[in-house]
Amino acid sequence: MIRLAVIEDAEAICNIYNYYVTNTSITFEEELVTVEDMKARIGRITQSLPYYVYESDNKIIGYAYATKWKERSAYRYSVETTVYLDKDSTGAGIGTKLYLQLINDLKSRNIHRAMGGIALPNESSIALHEKLGFKKVAEFNEVGNKFNKWLNVGYWEYKLK
């Protein structure tokens, strides 16, 4: 079941996200996110943009949301999208379902472009974005350093309207 996220989902979302913080370069965050910090993030995002969770057997196993692309007012029609799944729930189509729900919601909100930033390499995220119609538009070289390794970031965009 896909539903809108609420503040009370923060702990479950932290459990999913913090695995990636400590074990991968998928996120450039290096410190574990606290439940209180996640509550603040969810609250801030849901004031104006969608944040969804995927629930199975009363357990959150994935989430997707959109944030402002940039702060300047002329960027107000563009967002950055994010999707994360529980490490044991990948490959079952849940990311696709979450992303489609997010995209459809964004279309109804008069959003023009969605950007997906991907720390590289990340073949599964690239495949998900391209399957949904995102097109690669940029790659920045060695813009992040995690686990003492320089990492590139690619950007894929999706035209919503």
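Predicted model: local features only at pLDDT ≥ 70, side-chain atom pairs only at ≥ 80, totals over all residues.
Q: What makes the pair of Tyr51 and Tyr63 stacked?
A: A search of the whole structure finds 11 aromatic pairs. For Tyr51 and Tyr63 the ring centres are 6.0 Å apart and the planes stand at 20°; since rings pair if their centres lie within 6.5 Å, and planes under 30 degrees apart count as stacked, the pair is therefore stacked. The pair links distant parts of the chain, with Tyr51 in strand β2 (residues 51-56) and Tyr63 in strand β3 (residues 59-68), 12 residues apart, and both Tyr51 and Tyr63 are buried.

Q: Why are Tyr63 and Tyr65 called stacked?
A: Their ring centres are 6.2 Å apart and their planes lie at 5°; the limits are 6.5 Å for the centres and 30 degrees for the planes, so this pair is stacked. Tyr63 and Tyr65 are both buried. Tyr51, Tyr63 and Tyr65 belong to one aromatic cluster, which also includes Tyr17, Tyr19, Tyr20 and Tyr84.

Q: How do you know that the charged end of Lys87 sits over the ring of Tyr19?
A: The charged end of Lys87 is 5.7 Å from the centre of the Tyr19 ring, and the distance criterion asks for NZ of Lys within 6 Å of the ring centre, together with a position within 35 degrees of the ring normal. Lys70 likewise lies over the face of Trp69, at 5.7 Å from the ring centre.

Q: Why is Asn23 called partly exposed?
A: The relative accessible area of Asn23 is 45%; buried means under 20% and exposed means over 50%, with partly exposed in between, and Asn23 is therefore partly exposed. Asn23 is found in helix α1, and its C-alpha atom is separated by 15 Å from that of Leu120, 97 residues apart along the chain.

Q: What makes Thr96 buried?
A: Thr96 has a relative accessible area of 15%, and because buried means under 20%, Thr96 is buried. Thr96 lies in helix α3 (residues 94-108) and, leaving aside its neighbours within four places in sequence, is in contact with Leu128, Lys131 and Leu132.

Q: How do you know that Asn58 and Asn148 are exposed?
A: The relative accessible area is 74% for Asn58 and 78% for Asn148; exposed means over 50%, so the term applies to Asn58 and to Asn148. Asn58 lies in the loop between β2 and β3, and its phi is near 60°, a positive value in a residue other than glycine. Asn148 lies in the loop between β6 (135-146) and β7 (149-159), and has a positive phi of about 60° although it is not a glycine.

Conventions:
Residues numbered from 1 in each chain as written. Heavy atoms only, no water. Phe/Tyr/Trp six-rings, centres within 6.5 Å; stacked < 30°, edge-to-face > 60°. Helix = DSSP H or I, 4+ residues; strand = E, 2+ residues; numbered from the N terminus. Buried < 20%, exposed > 50% of the residue type's maximum accessible area, 1.4 Å probe, protein only. Contact = heavy atoms within 4.5 Å.
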